[in-house]
Amino acid sequence: MSTGHPELVAAIVSEIAASGPIPFVRFMELALYHPQFGYYTRSPEPRQERIGWQGDFYTSSDVHPILGQALAKQAEQMYRLLGQPHPFTIVEMGPGKGLLAKHILATCAHHHRSFFQDLRYVLIERSPAMRELQRRNLAPWLDRPDLLTWVDELTNVAPQGLSGLFFSNELVDSFPVHRVQVTAKGTQELWVDYRDGRFVECLMPLSSDTLVQRVRRMSADWPEGYRTEINLRASDWMKQVAQQLDRGFALTIDYGHTAEDLYRSDRKHGTFLCYFQQSINEDPFLRVGEQDMTAHVDFSSLAATGDEQELYTTGFTNQMSFLMGLGVEQMIAELEQDSPAFKAAIHLLRPNGMGTTFKVLIQHKGIRQPELDGLQYKPFFGSALTTQSAA
Ligand SMILES: C[S@@+](CC[C@H](N)C(=O)[O-])C[C@H]1O[C@@H](n2cnc3c(N)ncnc32)[C@H](O)[C@@H]1O
């Protein structure tokens, strides 16, 4: 029996009843972002939270402010490289609880005062419930609408283009994905049907020409039975970011890989996962709307889409190297050895954990190839970032 939030399940069932099976990407869109009942859209039940140590999963910003501090330092260097524009706008999309914004603003206010005077911070959040959490964490800045504002859609940020930084942490992995599988009939897509009181998956033809083209480019050596995810929304998003940016940078942090690595023929089961109360499972039909769903990010397609829009790759690294380049050793040295804060900061750097799972892609537009502190240490990836899975 499929389980989940009753009104959400009813909404998905009625869509299937009206028009037949839906592509998995649509199921994931409804489960996470249905306007009223989606996992991210509605308020969590009392005493529950989505993101954090007591929630379904935690992110780097829950671990320690050090990532926000390093990002502030990196943004300040970008501001200088751009010639100190007024304003320099940081646009953060998918800010979760708003903790990174809180850490970035606090660091700029205390340590980068002239940058802070030129800074505008825009949060893009379409969920009223998440927006409320962000307002709570950003309470000290709420009386500064010249500094801090919210918009609900990326396309509403800067129709004339802006100078600054588009930034996100764990946004792209939360975009709905197409799921595909190689069968004897060729590569097919997972669709979702509702039979005998439960959601079931069925394999049917690919649902769009864009998907057909993307699969054609990627799938040459996938064996029969191979299953993976394609995040077309990520390419659309990257294109919009590039179009809103006149001069400046995009900085994307997430777990993911180069296309060569993500779509290796031996990675047969893809990377799709669900998170519920700090544990993982692979069943999207369990607790529909009550658990998170994600898939690892294909950074090559982000870089390729950026290239097409004159948003060029500055560099691609992992979180550990990024933080080291921004002087995290010194920041950690100031913490009391073996204190909880010290251990938390180290957690962000772990070579077999968050330090290497998380990757950082930085792109630039309207400026010649810049040298950035966060990119000064080169990580050793299995494969280089190429643009072979172009949008
Ligand atoms: C995994 S959380 C990221 C958490 C946060 N960045 C952090 O570091 O803790 C994903 C966030 O992306 C938001 N999101 C997803 N798609 C979005 C979109 N199209 N526009 C704005 N926010 C979006 C979700 O509402 C959620 O807040």
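I began at His178, which lies in strand 6. Strands here are DSSP runs of E with at least two residues, helices are runs of H or I with at least four, and both are numbered from the N terminus. I am working on a predicted model, where local features need pLDDT of at least 70, side-chain atom pairs count only at pLDDT 80 or more, and totals for chains, interfaces and linings use all residues. Residues are numbered from 1 along each chain as its sequence is written.

**Entry 1**

Is His178 buried or exposed? His178 counts as buried, because it has 25 C-beta neighbours inside 10 Å. The cut-offs: buried means 20 or more other C-beta atoms within 10 Å of the residue's own, exposed means 12 or fewer, and partly exposed is in between, with C-beta atoms placed from the backbone.

I then listed what His178 touches, leaving out residues up to four places away in sequence. The list holds Pro23, Phe24, Val25, Glu189, Leu211, Glu229, Ile230 and Leu232. Contact means that the C-beta atoms, placed from the backbone, lie within 7 Å. I also checked Met218, 40 residues from His178 along the chain. The C-alpha atoms of these two are separated by 14 Å.

Which strands pair with strand 6? Pairing requires at least two bridges found by DSSP between two strands. Strand 6 (residues 178–183) runs antiparallel to strand 9 (residues 227–230), with 4 bridges joining them. I found Arg179 bridged to Glu229 of strand 9. Strand 7 (residues 186–195) is also antiparallel to strand 6, again over 4 bridges. There, Val180 has Glu189 as its bridge partner. Strands 6 and 7 form a hairpin, with 2 residues between them.

**Entry 1: strand 16**

How many residues of strand 16 are buried? I count 8 of 8 in strand 16 (residues 358–365). In a regular strand, side chains alternate between the two faces of the sheet. In strand 16 both faces are covered. One side carries Phe358, Val360, Ile362 and His364; the other carries Lys359, Leu361, Gln363 and Lys365.

I looked up the partners of strand 16 next. Strand 10 (residues 245–257) is joined to strand 16 by 8 bridges, antiparallel. Asp254 has Lys359 of strand 16 as its bridge partner. Strand 15 (residues 312–318) pairs with strand 16 over 6 bridges, also antiparallel. Tyr312 stands opposite His364 there.

**Entry 2: helix 5**

Helix 5 covers residues 99–111, 13 residues in total. From first C-alpha to last, helix 5 reaches 18 Å, close to the 18 Å expected at 1.5 Å a residue. The expected span is 1.5 Å times one less than the number of residues. Which residues of helix 5 are buried? I noted Leu99, Leu100, Ala101, Lys102, His103, Ile104, Leu105, Thr107 and Cys108.

The loop between helix 4 (66–81) and strand 2 (88–93) holds Pro87. The peptide bond from His86 to Pro87 is cis, with omega near 0°. Gln84 sits in the loop between helix 4 and strand 2 as well. Its phi is positive, about 55°, although Gln84 is not a glycine. Gln84 is partly exposed, because 13 other C-beta atoms lie within 10 Å.

Asp338 also has a positive phi, near 65°, and is a residue other than glycine. I placed Asp338 in the loop between helix 13 (328–333) and helix 14 (340–347). Asp338 counts as exposed, because it has 9 C-beta neighbours inside 10 Å.

**Entry 3: the ligand shell**

How many residues surround the ligand? There are 18, and the closest are Tyr40, Thr59, Gly94, Gly96 and Asn169. The shell takes residues whose C-beta atom, placed from the backbone, lies within 6 Å. By class, I get 8 nonpolar, 7 polar and 3 charged residues.

**Entry 4: the whole chain**

The chain has 15 helices and 16 strands. Buried residues make up 48% of its 391 residues. The C-alpha atoms fill a box of roughly 60 × 45 × 45 Å along the principal axes. Among contacts between residues at least 6 apart in sequence, 78% join residues at least 24 apart.

Methods. Contact = placed C-beta atoms within 7 Å. Nonpolar A, V, L, I, M, F, W, Y, C, P; charged D, E, K, R; others polar.
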